[in-house]
Amino acid sequence: MYNLNAGRLRNKVTFMHYVDSVDDYGRDVQVLEEFKTVWAEVRPMRGFEYLEYYREKNKVQTKVTCRYFSEVNEDMVVRFNEKLHEITAIIDVENLHSVLEIMVQERVGEDKNGGDSSIQP
């Protein structure tokens, strides 16, 4: 059984999802909306761990570990340190529905709305 050390969940991350909206000109657009904020451990993957999961990728991967919640999916975006990260994989550790390991990579360039990938306060 996997034991989650709650003391390691020291980073606040926000899961965001796209919702349909109408802009000022009456066009249908998708905008990012906050979904859920949780405490998590965020750490870059390195060495063997990186190669094992993502042999074909050349971008830096980060692992977000948090308590399980069923609503998360790969279409969501994770905001951490005011930067957006795309979800590349979701792992239910040992299929116990208690801990999630979510692999993410930082967005580079523009998001779907043509805006910057970082969030401005």
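Predicted model: local features only at pLDDT ≥ 70, side-chain atom pairs only at ≥ 80, totals over all residues.
Biologist: What is the phi of Glu94?

Modeller: Most residues other than glycine have a negative phi. Glu94 is not a glycine, yet its phi is positive. The value for Glu94 is near 55°.

Biologist: Which phi value does Asn95 have, and where does Asn95 lie?

Modeller: Asn95 lies in the loop between β5 and β6. Its phi is positive, although Asn95 is a residue other than glycine. The phi of Asn95 is near 50°.

Biologist: Is Asn95 buried or exposed?

Modeller: A residue counts as exposed when its relative accessible area is over 50%. Asn95 has a relative accessibility of 64%, so Asn95 counts as exposed.

Biologist: How many aromatic pairs does a search of the whole structure find, and why is the pair of Phe15 and Phe69 edge-to-face?

Modeller: The search of the whole structure finds one aromatic pair. The ring centres of Phe15 and Phe69 are 5.1 Å apart. Planes over 60 degrees apart count as edge-to-face. Because the planes of Phe15 and Phe69 stand at 75°, the pair is edge-to-face.

Biologist: How many residues apart are Phe15 and Phe69?

Modeller: Phe15 belongs to strand β1, residues 11-22, and Phe69 to the loop between β3 (61-67) and β4 (77-80). The pair thus links distant parts of the chain, with Phe15 and Phe69 54 residues apart.

Biologist: Are Phe15 and Phe69 buried or exposed?

Modeller: Buried means under 20% relative accessible area. Phe15 has 0% relative accessibility and therefore counts as buried. At 6%, Phe69 also counts as buried.

Note on methods:
Residues numbered from 1 in each chain as written. Heavy atoms only, no water. Helix = DSSP H or I, 4+ residues; strand = E, 2+ residues; numbered from the N terminus. Buried < 20%, exposed > 50% of the residue type's maximum accessible area, 1.4 Å probe, protein only. Phe/Tyr/Trp six-rings, centres within 6.5 Å; stacked < 30°, edge-to-face > 60°.
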